[in-house]
Amino acid sequence: MMMKMPWRRKSRSFHLQLQGAIGTIQSPFLFLFTNYCHSSTSTLEDARFFTNNFKSASFTRLDDAIASFNHVIHKHPLPSRVHFDRFLSALVKIKQYHTVLSMSKTIELVGISYDVCSLNILINCFCRLHLVDFGFSVFGKMFKFGLEPTTVTFTTLINGLCMESKIDKAVEFFDDMVARGYQPNVYTYNVMVNGMCKFGKTNVAIGLLKGMADRGCEADVVTYSAIIDALCKDELVGEALELFSQMRNKGISADVITYTGLIHGVCKLGQKNQALALMNEMVEKNILPNVYTFSVLIDALCKDGMVSEAQNTFNVMIQRGVEPDVITYTSLIDGLCISDQFKEALALLKEMMGRNISPDVFTFNILIDTLCKKGLVSSAENIIKIMIQRGVEPTVVTYSSLMDGYCLCKQIDKARKVFDLMVTNEIANIFSYNILINGYCKCKMIDDAKELFDEMSHKGLLSDGVTYSTLIEGMFQAGRPQTAQELFKNMCSHGQQPNIVTFSIMINGLCRQGNLDEALTLLKEMEESQLKPDLVTYCILINGMCKAGKINDAKELFSSLFENGLQPNVHIYCAIMKGLCREGLIDEAYNIFRDMEKGGCLPNNWCYNIIIQGFLKHKDLPKASQLINEMVDKGFSADNATIKLVVHLSRNNDLILRLLKVRNEGSAN
């Protein structure tokens, strides 16, 4: 003991620094090891147990580890540094970093010298506690003690820098390591690669992978998996698959992380079949997918409408003993809701709770939103009751969905009560206001909608495009075009750039009011704002032109669509045909009708009725009869207007009876 005293004097400053570090992290494991009570090992059997426990570094409880340490620290002679290092390493494995630091202090006090291994353990503990600066302080002491750092030392510090998001410093220290002549091993590279990938520097990680081969260091599955996962997250799935192939060619077996990363990547690109193939490949190679792998695939399948495949994958998951979690259930419930399988979704919720997996706010919100959108508000109310009973606090999304449901069912008073509750709880946001404004407009309570709009301004909430568009449309429908136009000007003056929807609402409102010139002026403004009109906008204008008797302008606008590379949809075809028929240009309408199919737009029930009515009004019964037979053969049926014209004009009882029969069969179905 006395021979080690000079070293203790030499290391006193380090001891004080270590003591200061432990104080800084406020360890809950600051034990007074020197005040060990011998009564705790009163028997020889206890003494042997604690000694063996210490030397083998095998313990199941922290209390046993502390008791063993307290026992051996007072033995004469003391165990070797190697035994202490092995014991501390075992504590590090169970993440008892504070305890290791406290024990290291005690070991130093009894005069046992530090070696490289013990200092590496200290550095690792500081790094794990996000105190990398203290780790570097220990690194500096290594040189003062005449000890040579190892690759493990450098790797541990690099990992500490990455954990604290100091990526640039990690790269700098890695370069310093190489410059000092140290050879990075595969673990060093893996730490660097993981750090680079985590912070979006995938190209640097790929460069490190190439550098490994140049230095004669073979990459392993961890290296490849990290880069493959990062590439997939960056949606560079092609490069990820190429790297996966390279990995296989080198004889490196993929693990669950590799496959999961790839499955996630191909799912994001919508390649569900490839994702299923990768999952099957995993199973064939006895690589058990984990809950995250299954959840990623189930979620992707549900989002793509492949709910039955998602359910099959879920069943495979259960059969293989992988317990689903709240994310798995929520994804599948979402898929079932989207595909209108409410009963199955509710049954899954019940099953979930039966497995003691607590639904979270997202699970409940999905069900509530779906039920409300379908008008099943009473069922949504019951789900909210269950939600509250289970201690899950409803959010602004929950209440907004309920408001939306009430508005849909024209229960505007109930919607207002929910809104007022949100205001009281100070959680009402612009989305909440928009829902209620829309509800008021749909119920033709336009003054209430305007009042709510004004209230937003008084409360400092900035109206968005949805607010303005909803209220502008409501004003037009209420026959108040002047107010609608004022709102539009107000929107522009407050820095809100109207989008295509807002412009289309304005153009539609003006056309309905017969203000075609103003609508066309607005179209010009729209184009000048670099917004390209869509097919909806063009359809509104063609309709407006036809109603205003400006058929030539409508024809010109219709032709310009093809010149601009746009393919008219069925609504635009119907609009121009109806306009042409109204103006008596039945042959032109018929030519457009026949051109539809050539352009890849198949005529529907509406199109047939428009063109048939055109011929009937012009008393061309042979042509109308031909088209009626064609329409019926294609499974379409006549509307009331067509039947009235046929009955009025035709003496062909067989044709009338056939039309009525098809109409009645359609109604029965």
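Rings of Phe, Tyr and Trp, the last taken by its six-membered ring, count as a pair if their centres lie within 6.5 Å. In this structure, which is a predicted model, ring pairs of that kind link Phe136, Phe139, Phe143, Phe154, Phe173 and Tyr182 into a cluster.

## Aromatic pairs

A search of the whole structure finds 20 aromatic pairs. In one of them, phenylalanine 139 and phenylalanine 143 have ring centres 5.2 Å apart and planes at 90°, so the pair is edge-to-face, an arrangement that requires an angle over 60 degrees. Both residues belong to helix α8, which spans residues 132–144, and because they are four residues apart there, about one helical turn separates them.

## Salt bridges

A search of the whole structure finds 19 salt bridges. Among them is the contact between lysine 201 and aspartate 168, whose closest N and O atoms are 3.1 Å apart. Lysine 201 is placed in the loop between α11 (186–198) and α12 (202–214), while aspartate 168 is in helix α10 (residues 167–179), so the pair ties together parts that are 33 residues apart in sequence. Of these two partners, lysine 201 is partly exposed, with a relative accessible area of 31%, and aspartate 168 is exposed, with a relative accessible area of 55%.

Arginine 355 takes part in a salt bridge with glutamate 323, in which the closest N and O atoms are 3.3 Å apart. This pair links distant parts of the chain, since arginine 355 is in the loop between α20 and α21 (361–373) and glutamate 323 is in the loop between α18 (307–319) and α19 (326–338), 32 residues apart. The side chain of arginine 355 also meets that of glutamate 351 in a salt bridge, at 3.7 Å from N to O. Arginine 355 is partly exposed, with a relative accessible area of 30%, and glutamate 351 is likewise partly exposed, at 33%, whereas glutamate 323 is exposed, with a relative accessible area of 51%. Elsewhere, salt bridges that share partners join Asp133, Glu164 and Lys166 into one network.

| Salt bridge | N to O distance |
|---|---|
| Lysine 201 and aspartate 168 | 3.1 Å |
| Arginine 355 and glutamate 323 | 3.3 Å |
| Glutamate 351 and arginine 355 | 3.7 Å |

## A positive surface patch

Arg512, Lys547, Lys578, Arg582 and Lys617 form a positive surface patch. One of these residues, lysine 578, lies in helix α33, which runs over residues 570–582. Lysine 578 counts as partly exposed, at 43% relative accessibility, and a place in such a patch requires over 30% relative accessible area and no salt bridge.

## Alanine 347 in helix α20

Alanine 347 lies in helix α20, which covers residues 342–354, and this residue is partly exposed, with a relative accessible area of 43%. The C-alpha atoms of alanine 347 and isoleucine 333 are separated by 9.4 Å, and the two residues are 14 residues apart along the chain.

## Two residues with positive phi

Most residues other than glycine have a negative phi. Histidine 130, however, has a phi near 60°, a positive value in a residue other than glycine. The loop between α7 (116–128) and α8 holds histidine 130, which counts as partly exposed at 46% relative accessibility.

Lysine 619 likewise has a positive phi, near 55°, although this residue is not glycine. The place of lysine 619 is in the loop between α35 and α36 (621–633), and at 65% relative accessibility lysine 619 counts as exposed.

Key: Residues are numbered from 1 along each chain as its sequence is written. This is a predicted model: local features need pLDDT of at least 70, side-chain atom pairs count only at pLDDT 80 or more; totals for chains, interfaces and linings use all residues. Side-chain values use heavy atoms; hydrogens and water are left out. Buried means under 20% relative accessible area, exposed over 50%, partly exposed in between (1.4 Å probe, protein chains only). Patches are made of residues with over 30% relative accessible area and no salt bridge: like charges are joined within 9 Å, nonpolar side chains (Val, Leu, Ile, Met, Phe, Trp, Tyr) within 5 Å. Accessible areas come from the Shrake-Rupley method with a 1.4 Å probe; for residues, only the protein chains shown count as cover. A salt bridge is a side-chain nitrogen of Lys or Arg within 4 Å of a carboxyl oxygen of Asp or Glu. Lys and Arg count as positive and Asp and Glu as negative; His and the chain ends are not counted. The place of a charge is taken as NZ of Lys, CZ of Arg, CG of Asp or CD of Glu. Rings of Phe, Tyr and Trp (its six-membered ring) pair if their centres lie within 6.5 Å; planes under 30 degrees apart count as stacked, over 60 as edge-to-face and the rest as tilted.
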